[in-house]
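Subject: Structure handover

Hello,

Here is the structure you will be taking over. Please look through it first; my notes follow below.

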Amino acid sequence: MTTIHGVALMRRTATPAQQATSLFLRVWSAWQERRRRRRLQTTSCALSDRELMDIGATRAGIDHIALQQGSARPHRSTHWHIGNALAILLLFNLLGLISADRAEAQCSAQDVLRRSLAAKVAPPAPGSESPVSSAADVSVWKTIRIGTFKDTFALRNAMSAMGCGVGNAAAEILARPAFTLSRSKAEIELVAVSVAELGFQGGASLRAIYLRAQELGFALAPPEIAPQLRLQYLDQPIGEFLTIGMEPIRTWAGEAMLLTVANGGAGLILIGQDGRDDAQISAISRFVFVRPDTSIAPEAAAMVR
């Protein structure tokens, strides 16, 4: 009885500053969560139907996935000491930001469908990246190791142990005879460039992208680069999708596929992507190529298109 009375007394005697601070923290947390869900939804809008299927999602379920991710995030206790005037000032500023935030475009299931249909008839908006003039002008983005697994079974076990997912199409590619592993260990320097940086401001076909990359001096990556990059890029930010510039591998059904290293918000994953010559790629998509002066077998790095 005394304990209950004491708790009630503490609640009644909370100062205005404490009340304002508590309100501010609740509103701030909710606002942050809304922005995080919106970023995840916007990223999902740009995915193809095949990529969504590979990560176990549908266009109609994008909003649900974002909400589920939000509810799964751990709550963190924060001990902030903010004065009365500062708390009220921050609260008013935050309310102003929320009002402005409501004006931003939503990515509901219906919006996703409309954008998907529009993307087929309207080219993407021009990108802001400046086209590169030579592969030598592009800095090394990441150096990774290859030749560290004796077979694909060991590779898949390592990915499972690290919590890296593999989509259905990607799993089929890893099981195909055309997917091979290097017999010797080597370090490979990689570059990451967008389609816009390759000179296509409105997007382009995969064949045109590869031809342009060859002209600039980039080299295709061996298929092993994709799973190795997935294993060695564990801090990939949410919303990033990196298509490996590789020779497409055909599935059992004869579909030409590429591999994409992705983090769509549900975890790190390796997925498949349309690898046909005439596949249309948006200007904002990013490709990973090999720098031509790295220690990689010439037959694996040569441009083959």
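In the hairpin of β7 and β8, four residues lie between the strands, and Gly265 there has a positive phi near 110 degrees. Helices (H or I, at least four residues) and strands (E, at least two) are DSSP runs, numbered from the N terminus. Two strands pair if DSSP finds at least two bridges between them.

The model is predicted: local features need pLDDT of at least 70 and side-chain atom pairs count only at pLDDT 80 or more, while totals for chains, interfaces and linings use all residues. Residues are numbered from 1 along each chain as its sequence is written, and side-chain values use heavy atoms, with hydrogens and water left out.

Strand β7 and its partners

β7 and β8 (residues 268–274) are antiparallel and joined by seven bridges. Within that pairing, Leu258 has Gln273 in β8 as its bridge partner. Strand β5 (residues 240–244) also runs antiparallel to β7, with four bridges, and Leu242 is opposite Val261 of β7. Strand β6 (residues 249–250) is antiparallel to β7 as well, over two bridges; here Ile249 is the bridge partner of Met257. β6 and β7 form a hairpin with five residues between them, and Gly254 in the turn has a positive phi of about 90 degrees.

Eight of the eight residues of β7 (residues 256–263) are buried, so the strand is largely enclosed by the rest of the structure. Buried means under 20% relative accessible area, exposed over 50%, and partly exposed in between (1.4 Å probe, protein chains only). In a regular strand the side chains alternate between the two faces of the sheet. In β7, Ala256, Leu258, Thr260 and Ala262 point one way, and Met257, Leu259, Val261 and Asn263 the other.

Aromatic rings

A search of the whole structure finds five aromatic pairs. Rings of Phe, Tyr and Trp (its six-membered ring) pair if their centres lie within 6.5 Å; planes under 30 degrees apart count as stacked, over 60 as edge-to-face and the rest as tilted. One of the pairs is Trp141 with Tyr233: the centres are 5.2 Å apart and the planes at 90 degrees, so this pair is edge-to-face. Trp141 is partly exposed, at 26% relative accessible area, whereas Tyr233 is buried at 7%.

Tyr210 and Phe289 are also edge-to-face, because their planes are at 70 degrees, with ring centres 6.2 Å apart. Ring pairs link Tyr210, Phe218, Phe287 and Phe289 into a cluster.

Regards
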